[in-house]
Amino acid sequence: QVKPCFSVWFRPLLGVRLPVRTASGVSGGDVGGVSGVAGSTWYGSLADSAPVHLCEHFLVSVQQLSGVPWWMSIVATTLTIRTFITFPLAAYQLVVISKVEVLQVEIAELAKRLRYDVSVRGKESGWTDKQRRFYFQKNLRRLISQLYVRDNCHPFKASLLVWVQLPLWISFSLALRNLSLSQSVLQCDLTTGGTLWFPDLTSPDSTWILPLCLGLTNLLIVEIFSLQRLNPTLFQKLVLNFVRGFSVLMIPIAATVPSSMALYWCTSSLLGLSHNLLLRSPVVHRVLRLQSPRSDSPFRDLLSAFISKYCK
C-alpha cells in the first residue's frame with residue numbers, strides 16, 4: 001500500500017525518498033545501489049537523479065491529495081506546470097522578441113551613421129578595407145549591446161523558455177517511466193489508472209491514438225511557426241525540417257513507452273499548441289504591451305496563410 005499523502009509531502013523535507021524503483025531497478029532511497037548500478041550508465045544516472053525523484057514526489061503528491069484517477073492527475077499536473085511555469089516564460093519570450101524587433105529600425109539607423117563615420121575616419125587614418133570592416137563591426141556590436149542593456153531585451157533571454165521547459169519535460173518523462181516500471185510500488189495503481197482505450201498506464205498504447213495525436217499536434221505547432229517566416233534562411237529551413245522529422249520520429253517512440261508517458265507528452269503538446277495560439281491574441285498583446293506592430297486578425301491571417309501554402 002502507498003503511504004498517506006501526509007508522509008509524501010514531508011518525506012522530501014526529512015531527506016527520505018519514496019520507495020519507488022527507478023529505471024535502473026534500484027530503489028530511489030538506496031544510495032549505495034544508485035552509485036553501484038544507476039551510476040554505471042548515463043541514462044541510469046539521469047533516471048535516478050534528484051530532479052527526477054522530485055518530479056516523482058510531486059506526481060504522487062498531486063494524485064494522493066486530489067484522489068482522482070492517475071490519468072486525470074497526470075493531465076492536471078501537466079496543465080499546472082504548463083500554465084504556471086512555461087506559459088509565463090513564453091509570454092516573456094514574446095515581450096523580449098517584440099522589443100528586439102522594435103530596435104531593428106534604430107540599429108539600422110545607427111549602422112548607417114557608423115558606416116559613414118568609419119569611412120571618414122578610415123580615409124583620414126589610411127585604413128585598409130579590412131580594417132574598416134573590423135572597426136565597423138566592433139563598434140556596431142558595442143552599440144547593439146548597449147541598446148539591449150538599455151531596453152533589457154538581450155536575445156539570449158528569449159531562450160530562457162527552452163532552458164526551463166526541456167529539463168522539466170525530461171524529468172517528468174523519466175519520473176513517469178520510473179513510476180510505471182514493474183518494480184514500482186505504485187505499478188498496480190497505474191495498471192488500473194487509465195481510461196477509455198488506455199486503461200493500463202504502464203503499457204504502451206496499442207491503438208496508437210496517443211502517439212498519432214502527439215505527432216500531429218507537434219507537426220501542427222511546427223507548421224504554425226513556419227508560417228511566421230515569410231523568407232526563411234537556409235539554416236532556418238534545415239532546422240524546421242529537422243524538427244518535422246523529429247516530430248514524426250516521436251510517433252513510434254511514443255508507441256513503445258508506457259501510456260502514462262505518451263499521455264503526458266500528448267497533453268503537453270496540446271497545451272503548447274493552445275498557448276501558442278493564445279499568445280497570438282490581440283487581447284494578450286495589449287496586456288503584454290507589445291511595442292512591435294501586430295495584426296488585428298491573427299487567426300484569420302494564420303488560416304489564410306495555411307490555406308495558401310497547403311491547399312493551392
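The following questions and answers explain how terms are applied to this predicted model.

Residues are numbered from 1 along each chain as its sequence is written, and side-chain values use heavy atoms, with hydrogens and water left out. Because the model is predicted, local features need pLDDT of at least 70 and side-chain atom pairs count only at pLDDT 80 or more, while totals for chains, interfaces and linings use all residues.

Q: What makes up the protein, in helices and strands?
A: The protein has 13 helices and 0 strands. Helices (H or I, at least four residues) and strands (E, at least two) are DSSP runs, numbered from the N terminus. From that end on, the elements run α-α-α-α-α-α-α-α-α-α-α-α-α.

Q: Why is Asn218 called buried?
A: Buried means under 20% relative accessible area, exposed over 50%, and partly exposed in between (1.4 Å probe, protein chains only). Asn218 has 15% relative accessibility, so Asn218 counts as buried. The residue is found in helix H9. Of the 312 residues of the protein, 39% count as buried.

Q: What is Asn218 in contact with, leaving aside its neighbours within four places in sequence?
A: Asn218 is in contact with Ser247 and Ser269. Contact means heavy atoms within 4.5 Å. For the protein, among contacts between residues at least 6 apart in sequence, 70% join residues at least 24 apart.

Q: How do you know that the span of H10 is close to the expected one?
A: The expected span of a helix is 1.5 Å times one less than its number of residues. Helix H10 (residues 234-254) has 21 residues, for which 30 Å is expected, and H10 reaches 30 Å from its first C-alpha to its last.

Q: Which residues of H10 are buried, and why are they said to be on the same side?
A: The buried residues of H10 are Leu240, Ser247, Met250, Ile251 and Ala254. They cover an arc of only 110° around the axis, which puts them on the same side of H10. The arc is that of the directions from the helix axis to the C-beta atoms. An α-helix has 3.6 residues a turn, so residues three or four places apart point the same way.

Q: Where does helix H5 bend, and what follows?
A: Helix H5 (residues 70-125) bends by about 35° at Thr86, and the proline Pro88 follows within four residues. The bend at a residue is the angle between axes fitted to the seven residues ending there and the seven starting there. After H5 comes Gly126, whose phi is positive, near 75°.

Q: How do the axes of H5 and H6 lie, and which way do the helices cross?
A: The axes of H5 and helix H6 (residues 129-151) come within 9 Å and cross at roughly 150°. Axes are lines fitted to C-alpha atoms, for helices over the stretch in contact, and angles run from 0 to 180 degrees between N-to-C directions. H5 passes H6 in a right-handed crossing. A crossing is left-handed if the near helix is turned anticlockwise from the far one by less than a right angle, and right-handed if clockwise.

Q: Which residues of H5 and H6 meet?
A: On the H5 side they include Leu103, Ile107, Leu110 and Leu114, and on the H6 side Phe136, Leu140, Ile144 and Leu147 are among them.

Q: What makes the phi of Asn152 and of Leu196 worth noting?
A: Asn152 has a positive phi of about 55° although it is not a glycine. Leu196 has a positive phi of about 50°, and it is not a glycine either. Asn152 is found in the loop between H6 and H7 and, at 43% relative accessibility, counts as partly exposed. Leu196 is found in the loop between helix H8 (187-191) and H9, and at 68% relative accessibility it counts as exposed.
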